[in-house]
Amino acid sequence: MPGADQADQAILAARLRQGAECIAAAARLSSGRWSVRVPLSVRLEGGPSGITVVAGGPAAPQASTMEGNPDGSPRAHPVYGHGPRKEWTWARQIPVRPFLAEAAEVTQDEVARIVAGVVDDWAEQLGFRAE
């Protein structure tokens, strides 16, 4: 944010993190309907300039496969290896379970309200009070 001082950036970063955590909580709930490992892998990454909700990693490598492609189509994944070089047979994941996209969609109004609260935070910091 050009021209913003560190206090303004800290307030914005806190609001972004709060909004992202709202999405992450919904993603944990959604993926918990069909997985034990995936909800535990949902986390926030990033810093003051941007926060990303991610899932997966070594503990839950199936998370991205279950999410599917950005266009909603199934993502292919290896199912077994064969031959001396372990050539993989690939299959498309059906059904697709886009838990991150679903979480972003169902929480969009709440996240907008949380992030828009940064204006109130800045006004309070400047000494303005609602009457």
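Biologist: Let's start at the surface of this model: which residues form the nonpolar patch made up of Val 79, Tyr 80 and two others, and what is their accessible area together?

Modeller: Happy to, and please keep in mind that this is a predicted model. Besides Val 79 and Tyr 80, the nonpolar patch on the surface takes in Trp 88 and Trp 90. Together these residues have an accessible area of about 480 Å².

Biologist: Which strands each supply at least two residues of that patch?

Modeller: Tyr 80 gives one of them away, as this residue lies in strand β3. The other strand covers residues 87-92. The strands that each supply at least two patch residues are β3 and β4.

Biologist: Does Tyr 80 count as buried, partly exposed or exposed, and why?

Modeller: Tyr 80 sits in strand β3. Because its relative accessibility is 46%, Tyr 80 counts as partly exposed.

Biologist: Good. Where is Gly 83 placed, and how far is its C-alpha atom from that of Ala 26?

Modeller: Gly 83 belongs to the loop between β3 and β4, and at 44% relative accessibility this glycine is partly exposed. Along the chain, Gly 83 and Ala 26 are 57 residues apart. Their C-alpha atoms are separated by 42 Å.

Biologist: Let's turn to charges. How many salt bridges does a search of the whole structure find?

Modeller: Side chains of opposite charge can pair when their charged atoms come close. Among the pairs found here is Asp 121 with Arg 15. For the whole structure, the number of salt bridges is 5.

Biologist: Which helices does the salt bridge of Asp 121 and Arg 15 link?

Modeller: The side chains of this pair meet at 2.6 Å, N to O. The two residues are 106 apart and so belong to distant parts of the chain, with Asp 121 within residues 108-125 and Arg 15 within residues 6-31. Those helices are α5 for Asp 121 and α1 for Arg 15.

Biologist: What angle do α1 and α5 make, and are they roughly parallel or antiparallel?

Modeller: The axes of α1 and α5 are 9 Å apart, and the helices pack at an angle of about 160°. Their crossing is right-handed. Angles over 145 degrees count as roughly antiparallel, which therefore makes α1 and α5 roughly antiparallel.

Biologist: How do α1 and α4 cross?

Modeller: The axes of these two helices come within 8 Å and cross at roughly 130°. That angle makes α1 oblique to α4. The handedness of the crossing of α1 and α4 is right-handed.

Biologist: Which residue forms a salt bridge with Arg 33, and where does the partner lie?

Modeller: The closest N and O atoms of this pair are 3.3 Å apart. Arg 33 is in the loop between α1 and α2, and its partner, 69 residues away, is in helix α4.

Biologist: One last thing: which residues does the cis peptide bond with omega of about 5° join?

Modeller: Most peptide bonds are trans. Here, one of the two residues lies in the loop between β4 and α4, and that residue is Pro 95. The cis bond joins Ile 94 and Pro 95.

Conventions:
Residues are numbered from 1 along each chain as its sequence is written. This is a predicted model: local features need pLDDT of at least 70, side-chain atom pairs count only at pLDDT 80 or more; totals for chains, interfaces and linings use all residues. Side-chain values use heavy atoms; hydrogens and water are left out. A salt bridge is a side-chain nitrogen of Lys or Arg within 4 Å of a carboxyl oxygen of Asp or Glu. Helices (H or I, at least four residues) and strands (E, at least two) are DSSP runs, numbered from the N terminus. Patches are made of residues with over 30% relative accessible area and no salt bridge: like charges are joined within 9 Å, nonpolar side chains (Val, Leu, Ile, Met, Phe, Trp, Tyr) within 5 Å. Accessible areas come from the Shrake-Rupley method with a 1.4 Å probe; for residues, only the protein chains shown count as cover. Buried means under 20% relative accessible area, exposed over 50%, partly exposed in between (1.4 Å probe, protein chains only). Axes are lines fitted to C-alpha atoms, for helices over the stretch in contact, and angles run from 0 to 180 degrees between N-to-C directions. Angles under 35 degrees count as roughly parallel, over 145 as roughly antiparallel, 65 to 115 as roughly perpendicular and the rest as oblique. A crossing is left-handed if the near helix is turned anticlockwise from the far one by less than a right angle, and right-handed if clockwise.
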